[in-house]
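Here's a quick walk through some strands and a helix. Have the viewer open and follow along.

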Protein chains: 2
Amino acid sequence: MEEVNGVPKLMDLLDEPVPGVGTYEDFNTIDWVREKSKDRDRHREITSKSKESTWALVNSVCDAFSGWLLMLLIGLMSGALAGGIDISAHWMTDLKEGVCLNGFWFNHEHCCWTSNETTFQERDKCPQWKSWAELIIGTTEGPFAYIMNYLMYVCWALLFSFLAVTLVRAFAPYACGSGIPEIKTILSGFIIRGYLGKWTLVIKTITLVLAVSSGLSLGKEGPLVHVACCCGNILCHLFTKYRKNEAKRREVLSAAAAVGVSVAFGAPIGGVLFSLEEVSYYFPLKTLWRSFFAALVAAFTLRSINPFGNSRLVLFYVEFHTPWRKTTWLGHYPVLEVLVVTAVTAVVAFPNSYTRTSTSELISELFNDCGLLDSSKLCNYDNANVTKSSNELPDRPAGNDVYTAMWQLSLALVFKMLITVVTFGMKVPSGLFIPSMAVGAIAGRLLGIGMEQLAYYHHDWVIFRGWCSPGADCITPGLYAMVGAAACLGGVTRMTVSLVVIMFELTGGLEYIVPLMAAAMTSKWVADAIGREGIYEAHIRLNGYPFLEAKEEFSHKTLAMDVMRPRRSDPPLSVLTQDGMTVEDVETMITDTTYSGFPVVVSHESQRLVGFVLRRDLTISIDNARQRQDGIVSTSRVFFTEYTPPQPPNSPPPLKLRGIMDLSPFTVTDHTAMDIVVDIFRKLGLRQCLITHNGRLLGIITKKDILKHVAQIANRDPDSILFN
Amino acid sequence: MEEVNGVPKLMDLLDEPVPGVGTYEDFNTIDWVREKSKDRDRHREITSKSKESTWALVNSVCDAFSGWLLMLLIGLMSGALAGGIDISAHWMTDLKEGVCLNGFWFNHEHCCWTSNETTFQERDKCPQWKSWAELIIGTTEGPFAYIMNYLMYVCWALLFSFLAVTLVRAFAPYACGSGIPEIKTILSGFIIRGYLGKWTLVIKTITLVLAVSSGLSLGKEGPLVHVACCCGNILCHLFTKYRKNEAKRREVLSAAAAVGVSVAFGAPIGGVLFSLEEVSYYFPLKTLWRSFFAALVAAFTLRSINPFGNSRLVLFYVEFHTPWRKTTWLGHYPVLEVLVVTAVTAVVAFPNSYTRTSTSELISELFNDCGLLDSSKLCNYDNANVTKSSNELPDRPAGNDVYTAMWQLSLALVFKMLITVVTFGMKVPSGLFIPSMAVGAIAGRLLGIGMEQLAYYHHDWVIFRGWCSPGADCITPGLYAMVGAAACLGGVTRMTVSLVVIMFELTGGLEYIVPLMAAAMTSKWVADAIGREGIYEAHIRLNGYPFLEAKEEFSHKTLAMDVMRPRRSDPPLSVLTQDGMTVEDVETMITDTTYSGFPVVVSHESQRLVGFVLRRDLTISIDNARQRQDGIVSTSRVFFTEYTPPQPPNSPPPLKLRGIMDLSPFTVTDHTAMDIVVDIFRKLGLRQCLITHNGRLLGIITKKDILKHVAQIANRDPDSILFN
């Protein structure tokens, strides 16, 4: 009777999955194949039900459209947030210099727009806008006013950065940095709970505004990708399809990354390509189309909210973790570190007009081609020989101001390079995009002006002869700056196609596609010759995340048998047999080992593989059965077979666990070359693969084993691979 | 002694691979995994040798750079060819209307450039250019001259199309059509020998010029992709690395496809994305970077050769194979078909100025926004209220010419739609890109003018109120045409990201990115709702090519055991045993079956899998051994084991075939869901996969089995899958 009683209960157990079975622990890698087949099962169920009732049909239609709806929501939310961040950061940056009398919530530009006393020539000068010195001591003239402004500038900067670092430390440690390396790791299948949660979103949004406003040499564009991914992750909870499936959620996150770049730069196509080239791991065409749609919605939303602020030239950053920084004593005191760096930045930056303005304004000025009416110092050319009416300006000799500007730019270049290296990796939201573009743009502009003057004074030189006659416009320093910015950014991130698309969506310079492409290609070659790793990969490696790089080919001649566990000297592989073990045997095996899964074989003698069971599922199922199922005791037999043989009388009821066994584990033979194995892991997103020889189970290879093997080959410490 | 003698010979045999082993037959699918691991072996060998001598080191460096060098060559060659094609087609198109007295090799535009009597307003009128009527009867006035020109136009068209179809039939049947569906199939791993050969290249280049010049409703852009791929394939023969490896060669061809689009549209980034989104099957990041480089070189080369011809607006086409066309009797007489269609096209097209000009000029005119000085009929607006000096033109009432133009455009729309359907699939090089863009552009322009006039006369309507005040420029008909062209093209090809990038590289309209994206997305949705297949997929299916579509997800709940062979009623799987068969047994098995490969098992009883041998390799090796190896007779034992047991005396020497056996065949269990199996086939590029149950070999699934299964599920005839 007991067995007869047991059967319907077992059936219940199989029909209703035990809660927790099929989920993952924190800091673990998901199994893409399992997640995707779970989703297909769900999809099939909905499709087959849809023929039964109208309600089920409506449900199935909703399910089919939920992906697009989710994209719409992510686009709207990210666009709105980015617009808010843009406006706030702009206002707070100006707050360091002064305040608007018409209303303290106006930034400098808006303040003067509302004023009627502004001319087009001096847009940023109007009586309503008061600098701090003017407000407090009533004058802008003289050294005392200058020091006053200087002091206020530094104080505001310190206040903002202090608030930012404190908030991050207190509420959301995951909010620091750009987040892109972590997102890349998450997209490859790793789980970091809370990294894309609501607290991270709230704190990152606030502290990002503070960090940018403090004037540190960092940008908001990388963090915006993180913000968009948080939006994506949070909105996933509205739809069962995406909430419960880690693989489907990662498809959404890939699209969200595209949205992030789309709002960061106002470059929707560039965003899609960035996600494809740089961030995503699994990017099917369906995700491409959805990213495209989401990026479009986001760009449109942003443009509606903030039509002037983001039209052209707002950029995007990446975190820079150089290994030696990890050992500085300052790194152990993050708040102090941030305050010191902010103080240095503010003190050094204020006197030089090129470092005092926001970096994106600096880049914008450097890209700019000098017109006749331009008031910038960089445009102070000797216009004696130019007719005012002509639209095209020939090359002209530089005036004194240009030489002053070149000196200031050279100092700014050195300062930016040094402070940028120090700034990245601080515990505030930060990115690398704007600073590296600024460095490239300064260098490019300096070279451009140099070439222009050379060409003007020496147009008979061989290199200029033929294409650069006197009085012609043969050198455009702004273009040199643009190409320099692209090259510098390309060297840091190793982007190619997405870089060029972002650059021309940003600048509108579609005609310069050929020099931009050449710059991207050259900088990639040069940088690759020095070191193969881009900034993200270096960061991932330093943090020990389990990321299987798809860019480099594995080229060593090892076979699966060389990498698999157990090694020759190790004890044999821990396996379960399909019908020969008791609950106690299984529990002992779980306690004695730390493996995250066990193969199931027909018998120890034959070693013929039946399936694979995950440790977590096994533990949960046995605990659950002991609590809820009558008569399951330590001596109960465990069965992974389809049919349970009749048990002898008086023996405890059997525990049937076929339901939690993966019936289609991946296997390869021991003679398979490791490069093929690595390829399979990458392309299918496996977590483990079993090794057979002539049909017998021999061992197992996990993602961690592969990463350790790769590290060993590259002469790195295999123990730096921390997670599975 | 015989065995001892046999051993060194066997060793030789194993060391020097038998010629032919590891190659493929025509109309077969390659095994990506095998090709890629062959290349890795080769690479490792070169790397390890490079430490031995300076020459080997140089060799290894050359090998590393050969990929980039090849890209450079492909870019140069394709750019040069495309420039030649552009110039010739332009000249021959003008030849239908007249001839230049300064030299018959000048086209109309160049002829008038060389003349001094041309004004900017009437660039295309100059005394040096004589229409045929003027040349023959001395006048351009009167009905007789008109008929004369008409007749010459039709005669030239017929001559050109006759030459084109005859050349294609006589020398290179593969040169017809656009070639893109076939290239897509080839890139997915199929072999069609000669499709990318030198004859195809030569004939396609010549006939493409003829077909375009004949005025048929087709374009040269799709065929240019084919031309670039031929260049890629031919240049591959210069480098052993690419000549001998089918997988590596396909990487080059992916880049060549990008080059094709790059030169067809002058859109390098669009080309890379087109290759990625639409054509390629296996597109690793390395190929992305190389495509980028090659596309850059090609665009640059083309611009150097033909700086005016291709700057903006030259487009690209695709073949249109509607099923019913296959049954028309005309289709059986390709030459007659071409002549009839050419005659109809020429006769109908000549009287309407919008169909007489080349299609790309038509599109250019439709995209154009009307300035005050424009002489186009489409720009005949009532300018009474417009001040001549202002740069922005408000909406104006249409003049009489605009209404005439609208009538002509409507007729052109109907004609283009009909003739385009008939033209594609004729046995001349042809594409769909320009004609479908033209259809979309005409429809868009008509709608745009309609809206503009509505807005002018009814600016108080709800839909116009608020954003369209009187006297403002609120509707741009040219933008409607551009969006219409993008939408129509998107509907036909289902491109999204690449379409938008091509459109804005083509038109320079970076500001219109949002409407273009919206158009691409909407047309994709609408077209997908009507039928999921794009034009290329439909073509591939109609031709029965073995192409495993990566865009649609396989969603049926079948398991590997339902699809595998043998089925339940079939005879058991033909397997080889690793040590129990004679040469005669093996030969009998080869003769009795048609399978392209056989699994090797330990024994018939255990069915434990050892490896997999391809039929072709087996046949070649046995024939070779019988001819070259002493003592191999029908009763010789065949061994696939690592060690051959000592043979009894007086028995013939054994034949060792372990060298040709694949020691790491892919296996999955019989319980694996078919969606996972399809995924594995797609992502790894498999040709076959073995099925096991509890460690025993049960059956096999080939790519053809999967395609048949997919066809069956979609209610199509499984026997339409012709190739493996």
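## Parallel pair and crossover

Start with strand β9 (residues 667–669) of chain A, which runs parallel to β10(A) and is joined to β10(A) by 3 bridges. Keep in mind that this is a predicted model. To find the pairing on screen, pick A:V668: its bridge partner in β10(A) is A:I691.

How do you get from one strand to the other? Helix α26 (residues 674–684) of chain A makes a right-handed β-α-β unit with β9(A) and β10(A).

## On to the hairpin

β10(A) has another neighbour: 6 bridges tie β10(A) to strand β11 (residues 696–702) of chain A, and this pair runs antiparallel. Here A:H693 has A:R696 in β11(A) as its bridge partner. The two strands, β10(A) and β11(A), form a hairpin with 2 residues between them, and A:N694 in the turn has a positive phi of about 45 degrees.

Is β10(A) enclosed or open? Strand β10 (residues 688–693) of chain A has 5 of its 6 residues buried, so the rest of the structure largely encloses it.

## A three-stranded open sheet

Elsewhere in chain A, 3 strands make an open sheet with mixed pairing, in the order β4-β7-β8. Its edges are β4 (581–582) and β8 (655–656) of chain A, each pairing on one side only. Strand β7 (residues 637–639) of chain A runs parallel to β8(A), with 2 bridges joining them; A:F639 sits opposite A:K656 in β8(A).

## A buried helix in chain B

Over in chain B, helix α20 (residues 497–507) has 10 of its 11 residues buried, so it's largely enclosed by the rest of the structure. The buried residues include B:V500, B:I502, B:F504 and B:E505.

Terms used: Residues are numbered from 1 along each chain as its sequence is written. Chains are lettered from A and ligands numbered from 1 in the order in which they are written. This is a predicted model: local features need pLDDT of at least 70, side-chain atom pairs count only at pLDDT 80 or more; totals for chains, interfaces and linings use all residues. Side-chain values use heavy atoms; hydrogens and water are left out. Two strands pair if DSSP finds at least two bridges between them. Helices (H or I, at least four residues) and strands (E, at least two) are DSSP runs, numbered from the N terminus. Buried means under 20% relative accessible area, exposed over 50%, partly exposed in between (1.4 Å probe, protein chains only). A crossover is right-handed if, with the strands pointing away from the viewer, the path from the first strand over the helix to the second runs clockwise.
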